[in-house]
Every structure is written in structure tokens, then in C-alpha cells.
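Colleague: Please bring up the model, and then let us take its labels one by one and ask what each of them rests on.

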Amino acid sequence: MGLNLKSVFSAQILVLSAAILVMFGCASVQKPMGGPRDRTPPKLLLATPLNQTRNFKATSIKLDFDEYFKLSNTYQEITISPAMEKIEYKTKGKSLVINFKDTLVKNTTYVINFGKAIVDVNEGNVMKNFTYVFSTGPHIDSLSVSGNVTNTQTQEKEKDATVMLIPLKQDSAYFGKKKPTIYATTDTSGNFTLANLHDGDYRIYALKEASPNKIYDNESELIAFLKKPIHLTKDTSNIHLSLFKQLSDKFRVLEHKFNADGAMFFTFNLPLIEPDVRINYPAGLNDQKIADFGTKKDTALIYMKNMDFDSISVSFMDKGKILDTISIRKQRKESFVRSIIPTYNINNDNKLKPGTDLTILMNTPIESFDVSRIILLEDSVSRTNFTLTKDPLNPKHLFIKYRWRQGVAYQITFNEGSFVNIYGDKNKRLIRPFRIDKPENYGSIIMNVTIPDSTKSYILELINDQKKVMQTNIIKKSTIINYKDIIAGKYQVRVTYDNNNNGRWDSGNVKRNVYPEQIVLIPTTYTIRPNWVSDDSRIDIPKEIITP
């Protein structure tokens with residue numbers, strides 16, 4: 001009997017296929033690669049006992065989630081109100097078990113706030129503002145407080161700020177000392193809700209911090225508060241909190257060091273008004289110091305031509321009054337690495353604003369310069385009829401004056417030795433090409449400004465879409481402001497209510513129950529058109545909002 005080769009071949013294929021299926025069936029199932037990133041935090045599937053349980057009798061709670069998770073900063077993030085000393089958190093698979101070691105108080109509503117403690121294992125997605133509520137009696141507290149949080153300076157809604165509610169009788173014991181038991185985190189729109197509250201009197205705060213311990217314990221943190229307590233007898237909404245950086249009552253130097261180039265660098269906890277500095281020791285060095293205070297007057301660079309000392313004493317003053325004295329040490333013959341590096345008032349497109357000098361900002365003070373070593377090319381033709389001057393008030397600033405022309409290419413070359421700094425260092429060869437921007441890229445806008453109160457002054461800032469301040473004006477009456485020769489684009493006006501007429505924004509103070517001076521961002525967007533003067537714009541500054 002002859003073999004049917006086709007049948008034999010088919011049988012072999014079936015055997016091979018079965019073997020492959022058995023082999024892969026025994027292999028472990030792998031997670032598919034690729035695909036969209038998981039951005040979903042863990043979800044609660046079941047709570048035992050159920051959330052919002054009344055007449056609670058259990059000694060533990062079991063929470064089942066839809067994925068594996070971990071607890072992050074457990075005892076910092078998770079709080080229970082009323083406070084409970086002995087409580088245990090255990091993870092088991094996709095479940096969290098909470099064991100109570102203390103006896104629960106009768107007829108009391110308990111709220112467990114998990115903060116940002118529950119995080120999925122793979123992507124670190126946080127389950128925010130999850131609370132578990134139960135009552136040992138027949139009633140669950142159900143009052144709520146809601147509102148929003150903004151940043152005073154930027155006037156933008158602040159996400160991930162912690163809003164804290166502290167019972168009035170506990171305020172002095174908790175604020176700035178202990179983590180509150182009642183809190184919530186603002187969402188991406190700056191909104192918050194505090195729920196399941198008992199009636200009573202409370203203090204409310206908002207806190208934006210780098211290290212999330214929920215305690216206002218650092219001057220660099222942002223704080224907000226309401227002066228008056230909240231008397232909670234019904235649901236309360238539309239609470240507005242404005243975050244600000246509180247300034248200290250006493251000036252002090254926060255940081256002091258020698259930079260790599262030998263300059264002394266200082267940061268302050270308060271901005272100064274009329275800053276000055278004095279070198280106390282070594283004797284005779286005070287007259288040769290060069291001090292460069294930052295634009296906000298809360299930092300300083302001090303350059304000393306004579307570096308032959310191992311310690312130096314520096315006093316900082318404001319309006320002639322000594323505020324703080326600092327001593328810094330170094331090796332007497334310590335060497336520093338220096339180079340002369342300029343920056344220019346040229347934009348990212350290598351364009352210089354028409355009608356302006358070429359401004360050069362050096363990273364170290366310049367002692368002298370040699371114009372003969374500087375080459376200015378105008379369309380490859382050398383020009384010598386320019387002038388170079390040094391700012392008499394700041395030896396790091398220099399200006400090149402020349403009758404710049406449109407449509408030509410400029411290149412300025414500072415050959416080696418064009419500049420000598422106060423330490424005797426010379427620059428290496430530096431080349432900078434640029435062109436003059438077209439005047440038609442700039443425009444003007446004339447604003448008719450109306451103020452609501454002639455007894456106060458107002459600080460108006462024109463800001464671009466990058467939040468950069470283009471022009472500042474201080475006014476005390478309704479007036480006209482000309483924003484002239486501003487690069488074309490979209491702008492807004494920010495108004496500071498300068499209530500004490502000192503020409504700057506003043507911060508608040510929680511202990512003294514003082515709010516910061518109010519800042520308002522005018523909602524209108526003003527368009528400055530190229531080569532155009534707009535004279536029909538107006539700003540009606542609104543009345544100051546008095547927060548209770």
C-alpha cells in the first residue's frame with residue numbers, strides 16, 4: 001500500500017504546531033512593550049468596612065486597589081482627625097490594611113487623609129486627596145470649606161499647594177510647629193475642598209513648600225492666610241487665599257562665599273532700599289572695594305583688587321545703618337581662575353534695537369581698555385569713528401556709541417588685551433556679529449490710565465508673554481503713559497497697590513496679621529503692532545479688594 005505524501009506532510013505540520021503551542025504555553029506571560037504611558041493613579045475598588053460607615057465597630061480597615069501600589073512618606077502624608085497615636089499601615093498585594101491600636105472615641109467622625117501617600121509602582125502616579133471617613137456614632141460630620149489659591153506675584157492659580165484648616169483653639173500649638181490633621185491639595189486649577197468638617201471656629205492657611213512636611217518652617221516657602229477665623233456653621237465656599245513669600249522682621253545674610261573667580265557673593269533674606277557695604281578688616285581695603293548689588297537688591301557681588309588676606313570682615317548697610325556683619329576666610333595665597341566674558345544687549349536673533357548703544361556687561365570689573373585693539377566691521381569695512389566709554393557708577397558696564405545703519409552686517413572683534421580687569425587679567429580674542437533691527441518691528445501704545453483712589457500710588461508694569469517686565473511706571477493720579485518703541489507683540493499690565501507709597505511691593509506677615517500689598521493682572525491683552533502708534537487704549541485700575 002503506497003504512502004500519501006501529502007497526508008504525511010500535513011501530519012508533521014500538526015505535530016510541529018502542537019509542540020510550539022505547548023512550548024509557548026509553558027512560557028511566562030510578558031508585559032507587552034511600548035504603548036502609551038500609564039498616567040492613571042491607583043483606583044479604590046473596595047473598602048471594608050465601606051467608606052462613610054456609621055456606627056463603626058471595626059479595629060481595622062482594608063482598602064483594595066486596582067493595581068499594585070506603594071506608600072510614600074507614610075507618616076508625613078497620612079493624617080487622621082481626630083489625631084490617633086497608635087495606628088499601623090500594612091500593604092499586602094493590591095491591598096492596604098490599617099490597624100487601629102487605640103480605642104476609638106464614641107460618637108465621633110474620623111477622617112483619614114492619605115495626601116500623596118498612595119503611589120502606583122510602575123509610573124509613580126499619585127492618588128491625591130483620597131479620604132476615608134467613618135463615624136463611631138449615627139452621624140457623620142458633613143460641612144465643607146472650598147475655594148482657590150493663587151500666587152500673589154504671578155496672579156496665577158497655584159496647583160499642589162497644601163490648604164490647612166486648624167481648629168482655632170489649636171492654632172498656636174499647631175501652626176509652624178506640627179503637621180495639621182485637616183488639609184487638602186489644590187488641583188491644576190488651584191481649587192480645593194475640605195470636607196467632612198465639624199462645626200466650629202477654624203484658622204485657614206495655604207502653604208507651598210519644597211519639602212512636603214506640611215509645616216511652615218522655612219522663609220523660602222510661600223504662605224497664605226485669612227485674618228479672621230472661619231466660623232463654620234454651614235458649607236463655606238469662595239475662600240480666596242493668596243500665596244506670598246513672607247519677609248523676615250530682621251535682616252541677615254543668608255549665604256556668603258568666594259566664587260571661583262575670587263569675587264565674594266552674598267544673598268540676603270530681605271531686599272535693601274539704599275544698600276551699601278563697608279570693609280572693616282583688613283584695614284585700608286575699604287576704598288578699593290567694588291560692590292555690585294543685584295537688581296532686586298537682595299544679592300551682592302564684592303570685588304577686591306587686593307586679595308592678599310586670609311580673612312575679611314564685611315558690613316552691610318541700608319540708608320547708612322549697619323544691619324549685619326560677616327567674616328569670610330580663605331587661604332592667603334589662594335589662586336582663582338578668571339576670564340573676561342562679555343554679554344551684550346543683542347537679542348536671540350543677533351539684532352540690536354535701533355537707536356540704542358551697544359551695551360557690554362562684563363563678568364568682572366574693568367580697569368582699562370585699549371580701543372586700538374578693537375575692530376568694528378561694517379559690511380567688512382573697518383570703521384574707527386566709534387567711541388567706547390565705561391559707566392562711572394559700574395565698571396562692569398561699557399557702551400559703544402556709533403551711528404548704526406540699517407541693512408548692513410556688523411562684526412565687532414575685541415582682540416587679546418582689549419580689556420584689562422582690576423586683577424590685571426586680559427581678555428582672549430572675542431568676536432560678535434550682529435545687525436540693527438528694523439524700526440518697523442517696533443510700535444508704541446499710549447495708555448489712558450484711571451486710578452480709583454488719589455490718596456494712594458500704583459506701580460504699573462508692562463509685561464510680555466514671557467512675563468518679562470518691559471517698562472515700569474509709578475503713578476499717583478490718573479494720567480497718560482506712553483509705551484514707546486516696544487517690540488511688537490502681546491502685552492499685559494500688572495498693577496501693584498502701593499499703599500505705603502514707597503515705590504515697591506511689600507510683603508505680608510502672618511504673625512502680625514498683615515496681608516501683602518495687592519497685585520492685580522489687568523485681564524486685557526494689549527497688542528503692539530509693528531510700526532504703529534495706538535492711542536485709544538485705556539486702563540481702569542479696579543478698586544482694591546479688601547480681604548477680611
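Modeller: Let me start with burial: a residue is called buried under 20% relative accessible area, exposed over 50% and partly exposed in between, with a 1.4 Å probe and the protein chains only. By that rule both tyrosine 402 and tyrosine 410 are buried. This is a predicted model, in which local features need pLDDT of at least 70 and side-chain atom pairs pLDDT 80 or more, while totals for chains, interfaces and linings use all residues. Residues are numbered from 1 along each chain as its sequence is written, and side-chain values use heavy atoms, leaving out hydrogens and water.

Colleague: What makes phenylalanine 56 and phenylalanine 100 an aromatic pair, and of which kind?

Modeller: The whole structure holds 23 aromatic pairs. In this one the ring centres lie 6.2 Å apart, with 75° between the planes; rings of Phe, Tyr and Trp (its six-membered ring) pair if their centres lie within 6.5 Å, and planes under 30 degrees apart count as stacked, over 60 as edge-to-face and the rest as tilted, so the pair is edge-to-face.

Colleague: Why does phenylalanine 56 count as buried, and what is the relative accessible area of phenylalanine 100?

Modeller: Phenylalanine 56 has 4% relative accessibility and therefore counts as buried, and phenylalanine 100, at 8%, is buried too. Tyrosine 402 and tyrosine 410 also form an edge-to-face pair, because their ring centres are 6.2 Å apart and their planes stand at 80°.

Colleague: How do you know that the charged end of arginine 338 sits over the ring of tyrosine 423?

Modeller: The test asks for NZ of Lys or CZ of Arg within 6 Å of the ring centre and within 35 degrees of the ring normal. The charged end of arginine 338 is 3.5 Å from the centre of the tyrosine 423 ring, and lysine 330 lies over the face of phenylalanine 309 at 4.7 Å from the ring centre.

Colleague: What makes strand β11 mostly covered?

Modeller: In β11 (residues 143–151; a strand is a DSSP run of E, at least two residues), 9 of its 9 residues are buried. Both faces are covered, with Val145 and Val149 among the buried residues on one side and Ser144 and Thr150 among those on the other.

Colleague: Which strands pair with β11, and in which sense?

Modeller: Pairing requires at least two DSSP bridges between two strands. β11 has 5 bridges to β14 in the antiparallel sense and 6 to β18 in the parallel sense, so both pairings meet the rule.

Note on methods. Helices (H or I, at least four residues) and strands (E, at least two) are DSSP runs, numbered from the N terminus.
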